[in-house]
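Have the viewer open while you read.

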Amino acid sequence: MTMNIALDENNKLVSIEQVKRGFACQCTCFECGETVIARKGEIKEHHFAHASNKTSCTINTESVLQKYAKEVILESMGLMLPALPDSDNAAAWWSFETLLPEFSLGLIRPDLVGYFDGEPILIEIAVTHFIDAEKLKRIEIFKSKCIEINLSSLLKSNISIPSPDAKKEIIENLDNKKWVYPIQMEQSSTQQNPLVYPQIINTPQLISEQQNTLPKWQDYKFTVKGMHVNVRHFSSGMISVNSAYNPEIIAMLKEWRREGRGSYNPTYKSWNYWLPFSEKVLERLKALNE
Ligand SMILES: [Zn+2]
């Protein structure tokens, strides 16, 4: 098998086309770590060869892709992510403050952990092995947002690695990314009845519950500074907050959005917060309730 990929002196993936000829490439074998020479002659196809002249290693393309995906996400310090489940925000570029490779959260060892406003986002890069029920159970315990990037189609494609096209596929394509947590609930009802609150009752008590086997949301009504604040609590843990206009309350919700990486939906005039921060917001509203 021809070795057309190796690791450069910074341990980054490089293709034979990208490097200088001979030992000057300063590369090592992706599989065995031995020094390699870039053979870029006139006759044979350009390739890397072990310095010891031993037989070429078989390079595992799945491992190459895994490594490359980590490299480009780390380089970009972020990536495009689809809208969070049960939210009315849109797909967006997420820029991380910190990105840690091979970081352990208890029993979970995600490929990367990105921090967004202090909250960990687990990033799983899957080529042939996807998140199974056991792993999902562990993720659910932590209630950490988790995204899975499925690179199986990139593996099967003719796109070479490394290349700008491959990078684009990993960083920008939304079709190969899905939120593993929060879990996607059935969206039909939330889409058809966008945040219409039943007009009822007094203070924080349950005012409605969908009559399904699994309630999709619960609505609460708070009174803060003499204003009604309505909260829809989705079973995913996400909450959506509506308030009558009051500059102080708006400033507070805005501050919480910043603090807990929430979002504002101008269509519904609602402030959305996700786990684990959404629980804090509920606690605070309970404390402020008059
Ligand atoms: Zn080797």
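## Starting at a buried ring

Let's begin with Phe-96, which has a relative accessible area of 6% and is therefore buried. Keep in mind that this is a predicted model. Phe-116 is buried too, at a relative accessible area of 13%; the cut-off for that label is under 20%.

How many aromatic pairs are there? The count comes to six. One of them joins Phe-96 and Phe-116: the ring centres are 6.5 Å apart and the planes sit at 90°, so this pair is edge-to-face. Phe-96 is in the loop between strand S7 (92-95) and strand S8 (98-101), while Phe-116 belongs to strand S9 (residues 112-116), so their contact ties together parts that are 20 residues apart in sequence.

## Another ring pair

Tyr-273 and Phe-277 make an aromatic pair as well, this one tilted, with 6.0 Å from centre to centre and 50° between the planes. Are these two residues buried or exposed? Both Tyr-273 and Phe-277 are buried.

## A cluster with an arginine over it

Back to Phe-96 and Phe-116: ring pairs link them with Trp-94 and Trp-179 into a cluster. Arg-261 comes in at two of these rings. Its charged end sits over the ring of Trp-94, 4.0 Å from the ring centre. Arg-261 also lies over the face of Phe-116, where the distance to the ring centre is 4.3 Å.

## The zinc site

Now for the metal. Which residues hold the zinc ion? The protein donors are Cys-29, Cys-32 and Cys-57, each through SG, plus His-50 through NE2, and they lie 2.1 to 2.3 Å from the ion. Angles among the four donor atoms run from 103 to 116°, and the site is tetrahedral; that label asks for all angles to lie between 85 and 135 degrees. Along the chain, the donor residues follow the spacing C-x2-C-x17-H-x6-C.

Take Cys-32 and Cys-57 as a pair. Cys-32 is in the loop between strand S3 (22-28) and strand S4 (35-39), and Cys-57 is in the loop between strand S5 (47-50) and helix H1 (61-76), so the two tie together parts that are 25 residues apart in sequence.

How values were computed. Residues numbered from 1 in each chain as written. Predicted model: local features only at pLDDT ≥ 70, side-chain atom pairs only at ≥ 80, totals over all residues. Heavy atoms only, no water. Donors = N, O, S within 2.8 Å, 3.2 Å for Na, K, Ca; no water. Tetrahedral: all angles 85-135°; square planar, octahedral: opposite > 155°, others 65-115°. Helix = DSSP H or I, 4+ residues; strand = E, 2+ residues; numbered from the N terminus. Phe/Tyr/Trp six-rings, centres within 6.5 Å; stacked < 30°, edge-to-face > 60°. Buried < 20%, exposed > 50% of the residue type's maximum accessible area, 1.4 Å probe, protein only. Lys NZ or Arg CZ within 6 Å of the ring centre and 35° of its normal.
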